[in-house]
Amino acid sequence: MSERIRKARTHVSQNEPLLFELSSPGKKAYQLPPLDVPAVDPAAALGPRNIRAGIEGFPEVSEVEGMRHFSRLASWNYAIDLGMYPLGSCTMKYNPRINEKVAALEGLTLAHPYLPEALAQGALEILARLEAALAEITGTDAVTLQPAAGAHGELTGILLVRAYLEARGDPRKKILIPDSAHGTNPATAAMAGYTVENLRSNERGMLDVENLARVVNEEVAALMLTNPNTLGVFEENICRIADILHARGALLYLDGANTNALLGVTRPGDTGVDVMHLNLHKTFSTPHGGGGPGSGPVAVKQHLEPFLPVPRLKHTDTGWAFDYDRPQSIGRVRAFYGNFGVLVRALAYILACGSEGLRQATLDAVLNANYLRQGLMPYYEMPHQAPSMHECVFSDARQTARGVHTMDIAKRLLDYGFHPYTVSFPLIVPGAMMIEPTESESKHELDLFIDALISIAREAEEDPERVLKAPHATRTARVDEVTAARKPVLRWRPASP
Amino acid sequence: MRYLPKSEAERGQMLAACGLASAEDLFAHLPPATRLRRPLALDPGKSEYEVVDYFRARAAENLTGCPCFLGAGAYFHYRPVLVDTVVSRGEFLTSYTPYQAEISQGTLTAIFEFQTMLCQLTGMDAANASMYDGSTAVPEAAMMAARITGRRGVVAARTLHPEYRAVLETYARNRVLAVQVCGYCPGSGRLDLEDLERKVTDGTAAVIVQSPNFFGIIEDLRAAADLAHRQGALLVWVFTEAVALGLLAPPADADIVAGELQSFAIAPSFGGPYAGVLAAKERYMRQLPGRLVGETKDARGHRAYCLTLAAREQHIRREKATSNICTNQALVALMATVFMTVYGKQGLRELAEQNLAKAHYLAEKLPLRFTGPFFNEFVAEARNRPPEALNAALLARKLIGGLPLGRFYPELAGSMLLCATETSPREAMDAVAEEFSRE
């Protein structure tokens, strides 16, 4: 069996306790310069009641132990640096290290957000240049870089919709969301104070336009649409969808999570989209960092521009400045100006790729998805067969006869040296296997992945137990998530004496 | 393009395998009206050397590297070398959210340690795996309190960071929260408890108080908590300067904590990325937004960690979720985790004591606006010339002064907020004092 696994083999990895178990009193990993001013008695300065005793349980370790602790932890992680990460709708592409280098320049990292504008012209120029590039890429008129992540961008965008409609004297109540949407969409609508109406997809995996035409009325504020949608299918009726909404005074919000399929090929702003967000940590190569930081700029057409968060950048005789005098603005969505360090990385990526490089990235991403689709079609069920853009969605329908489900196939992929695809999403496909290779994978890596999934399909037939008990080769075996949720232990505590 | 790992020949083979003649055929199903028929109007791609040159030139246009007395939610502290060493490792930097626990134990273990240390610091029972920043943690705490109490009123101190308050007001445009602001005592610079008592009613979900507050002053959180609890409201404690926690006793009476960890080895970086945190008492654990890591076992009986209580989150609960948050600030939270490891129990206290000493050294030489006890920030009156003119004089001496307060507090237009930390040189503080007293 093992000769089928071509990408990986096992190796020894180090054990490591928690920091708190590693600690012993008196150890330290720091040394401060000597204090060059008189010491102050904390109790006298702040009041004895305000002073704490020690921090109970806080770590006490040496520098060497700290270094090894985190290095050992690191060795327990999979990463894009190690191989393919085919998570659908997550766009796990290569993170160029030049981005890290420029974001670490001291002239950027040591810039305080309240530096007077005249002393921060370099930072403002970076923001202005990125805003302009993103507006060009999306075909929109204005961009705010303030939102800290995709879901934060969604909230910003829907609050813009609300402000626009309220200014028109027509506050509405409802947001329409297709049943294939990311969970953030309905959660965002609820957070922005709207009720949610779910729309079903048609048999081709697209929004049912006839149904949309029936449900859009004067209570509908907007439709939140993902394009390509979470099946990796381009919503071919996008222009008509926009027309239906606009004719009844509603707006079209685009979830830009899947923008990697669109660069230089089609622009949402040219297809009737009023407002959208981008995920710079997906499409624009900034690293995921084990869950963040991200950045979720929001791009709008002119009619929504007056409502964008403050401050806005403006060019004056003396250079760039912040404009706070924006009476229709929704206000701030975050302190300061956004995740600046992430914005620097995204601009570095755009500068490195240029117009042609961005388009080629999209072409390769779509080619990779179609190549995988072609290679896997004989072995896995594909419920919606419309053409694929940057991702494709299979299901476990053929494997369930043997009791093997999408999660089992995902866990078996770990033994083959791959991070799994997105499991059980979108919700409209039972047993979904949602695969997005991105442009960063070579033909060789894709071939290994196809071979791995073909081999697992065969195992599901011949030796289903092997798949059901996977992973076998990883340091950690299948984790009991049920117990974790039933009896939550969310922090370490010392063993009782 | 150097980031793309395919030769033209391989592209051709792959297209052929798909039965296509050219890459253009991949998009044949897109309606013509949707297609962009020209190249994007962006520059051609640059070499990495040109990219570095571009950003070096921009970096040189910012004034950095001289002593700076700005704080106000973004602080200058030493950053241990180990922090960047750890977060630069590809296994942390380039991994995804740890949904696949079997190959993500590194990230999960570090988050579990982060959650634990935040509980130890704040006296809470549960802390989440991070929020975007302190400013967005505040409305999340308010919405959490609204869910818990079934009320919608929020009373926020005027001494809460003005930009945090602005973010809270933006979130309140959802018509779910109703925000009121509670004033401060013009003498002490602390929350006006009489005003708070007037504003807290049986419709109040949360009282939101920052300590040290925006003026650097330690608030009487016990009194604020008493007033809140008497009406059945929750007390949300906010902090922006986490180093203060090395000295300050966490308020036992707070119900929810919303904080900013930028001070823990996160560079000012023109305002982000930072890391917020939300922590709470045990009974509110299931109302926390965001990711939580919990302890469990694997199939071989070994201790293991995984993301847990997902039934609170958007990908499971959709419109009924506790929040829409998905991506958080994991790598930045890891920076804070390494920082807390390096400084540890003794170091965080010594660091806080140095901050206290430096700020008090500078403050003793300046005319203070308020009498309340302060940590490493304080408000000083610029008596001889406007704060902006004073800052211009400091700039001529290669010093960046404090934050003039008129833009946030019109009544304090003649004052500035100054911050001194362990990084502030004594000579620079002497020079600031000299300019303050210059006629």
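This is a predicted model: local features need pLDDT of at least 70, side-chain atom pairs count only at pLDDT 80 or more; totals for chains, interfaces and linings use all residues.
Residues are numbered from 1 along each chain as its sequence is written, and chains are lettered from A and ligands numbered from 1 in the order in which they are written.

Cis peptide bonds come next. In chain A, the bond from Asn227(A) to Pro228(A) is cis, its omega being near -5 degrees. Pro228(A) sits in the loop that runs between strand S4 (220–226) and helix H10 (238–247) of chain A; here helices (H or I, at least four residues) and strands (E, at least two) are DSSP runs, numbered from the N terminus. In chain B, Ser211(B) and Pro212(B) are joined by a cis peptide bond with omega of about -10 degrees. The loop that holds Pro212(B) lies between strand S4 (204–210) and helix H9 (221–230) of chain B.

Positive phi values are also worth a look. Ser89(A), although not a glycine, has a positive phi of about 65 degrees, and its place is the loop between helix H3 (63–74) and helix H4 (97–103) of chain A. Ser89(A) is buried, as 24 other C-beta atoms lie within 10 Å. A residue is called buried if 20 or more other C-beta atoms lie within 10 Å of its own, exposed if 12 or fewer, and partly exposed in between, with C-beta atoms placed from the backbone. In chain B, Ser130(B) has a positive phi near 125 degrees and lies in the loop between strand S1 (126–127) and helix H6 (134–149). Ser130(B) counts as buried, with 31 C-beta neighbours inside 10 Å.

Finally, helix H12 (residues 387–396) of chain B has Pro387(B), Leu390(B), Asn391(B) and Leu394(B) as buried residues. Viewed down the axis of H12(B), the buried residues fall within an arc of 100 degrees, so they line one face of the helix; the arc is that of the directions from the helix axis to the C-beta atoms. Just after H12(B), Lys398(B) adopts a positive phi of about 60 degrees.
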